[in-house]
Amino acid sequence: MNNVRSAWLLNRTDAGGGQSRVDTRLAPLGTMAPEGVLATRDGVIPGAQGGGRAMDGLYVFGDQGMTGKVTPGRAVVQGTEPTGAYPVVVTDYVPLTFADGDANNPRVDLVVLRVYDAQQDTSNRTEAVVEIVQGVPAANPAAPATPRAAIALAEVTVPAGASAGKGGINWDTVRDRRRATVAVGGIIPRGWGQNFPGGYVGQYRDTGTGLERWDGSQWKAYPEPRPGWRDYTPEWGADNGPAPRVGNGSLTGRYLQDGAIVHFTATLRIGSSSNWGGAGRNGNWWVSLPVRPTGPSMSGSLKFRTNSGYYHGGCYLEATRHPNGSACGWTANNASRQVNGGWADGDWPDTVVEGNWFTVSGFYEASA
């Protein structure tokens, strides 16, 4: 009985019995992951006994000397795009016998799962087979190209002079060439042919630590990483008097935007050369926001330190004083802890000097 079989549209001769019901039940069914409008991502169907690994099917391993084996498994082999894809199943271990090594140079042989279709090629054969494509001996040998209507399973290096009686093949050097394929909408497992573009927007693959989604031009982590805090440089302004200047003080800000919601904090530190025009000449301070808000009347908080101690209060967020909007209307508590209606700045509720600081913070909805 033939252990390598193909179902659907690869009809054997009448003498061979044609496609059996068993062939159809064992071979992969359904639409596989696409690589184009008509082309299918070919490869091995994942699966392992007990689920301990991603893929056991069609694994090439050493037996002894110059012989190896291929494990049972299922696969899809893509021919040319007009030819279509062939579902194939290997129902038992397939033996492999490699030719003896060249006298002078090593070579790399390629183990493939291949479909011959007399109606589509010139082979005059109609069957699915596991075969060895022999490489060319060289000082630095390369594996031969994968034939049409075939998938590569492994590269096997045959040392110079190797034979059954002279060391044979070092099976530890075999390079696994299998890649996985899944049904359309399925997730391609990690490590089995990951270096490929997606076949359609919305395709997923497993990275081993998470998922990636194809967006039409690149693979992106899914879900996208949560946004982190980012720095921004606020602007310091005043409603009255000349524009203040930070000088050797500092004005720093950070923000986090999660969707439409923006969290922010900005801190003004007064330096010896900071300039807001002098007492009574500059008032009603504000600092710009990182992202423009939807409108006014969104509240924030204020905390600052002067020579008299710490003050706490509030502010509101608006969209007119700066292109990104501003945090303004800084109010502070009196000693009685009652909110005072004045606007905190360099003159109230205390005269600002070097070393004093102001921090405004809050969250708001960003403008579309």
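## Nonpolar cores

A nonpolar core is a set of buried Ala, Val, Leu, Ile, Met, Phe, Trp, Tyr and Cys residues joined through side-chain atoms within 4.5 Å. This model is predicted. Its largest nonpolar core holds 34 residues. Within that core, the residues touching the most other members are Val 70, Val 111, Leu 113, Val 130 and Leu 153. Two or more residues each come from β5 (73-78), β6 (85-90), β7 (94-97), β8 (107-117), β9 (126-133) and β10 (150-158). β10 supplies the largest share, five residues.

Val 130 shows how such a residue is surrounded. Residues up to four places away in sequence aside, Val 130 touches Val 4, Val 70, Val 90, Val 94, Leu 96, Val 111, Val 112 and Leu 113. In soluble globular proteins, nonpolar side chains tend to be buried together.

## A four-stranded sheet

Four strands form an open sheet in the order β9-β8-β10-β11. The pairing is antiparallel. β9 and β11 (175-176) are the edge strands. Each has a single partner strand, so one side of each lacks a neighbour in the sheet.

Two bridges join β10 and β11 in the antiparallel sense.

## The Ser 274 site

Ser 274 sits in the loop between β18 (261-269) and β19 (283-288). Ser 274 is buried because its relative accessible area is 12%, below the 20% cut-off.

The side chain of Ser 274 has polar partners on the backbone. One of its polar atoms lies 2.5 Å from the backbone oxygen of Val 246. The side chain also reaches the backbone nitrogen of Gly 271, at 2.8 Å. Beyond neighbours within four places in sequence, Ser 274 is in contact with Arg 245, Val 246, Gly 247, Asn 248, Gly 249 and Arg 269.

## Cysteines without a disulfide

The structure holds zero disulfides. A disulfide is a covalent bond between the sulfur atoms of two cysteines.

Note on methods:
Residues are numbered from 1 along each chain as its sequence is written. This is a predicted model: local features need pLDDT of at least 70, side-chain atom pairs count only at pLDDT 80 or more; totals for chains, interfaces and linings use all residues. Side-chain values use heavy atoms; hydrogens and water are left out. Buried means under 20% relative accessible area, exposed over 50%, partly exposed in between (1.4 Å probe, protein chains only). A polar contact is a pair of N or O atoms within 3.5 Å; within protein, one must be able to donate a hydrogen and the other to accept it, and residues adjacent in sequence count only if both atoms are side-chain atoms. Contact means heavy atoms within 4.5 Å. A disulfide is a pair of cysteine sulfur atoms within 2.5 Å. Two strands pair if DSSP finds at least two bridges between them.
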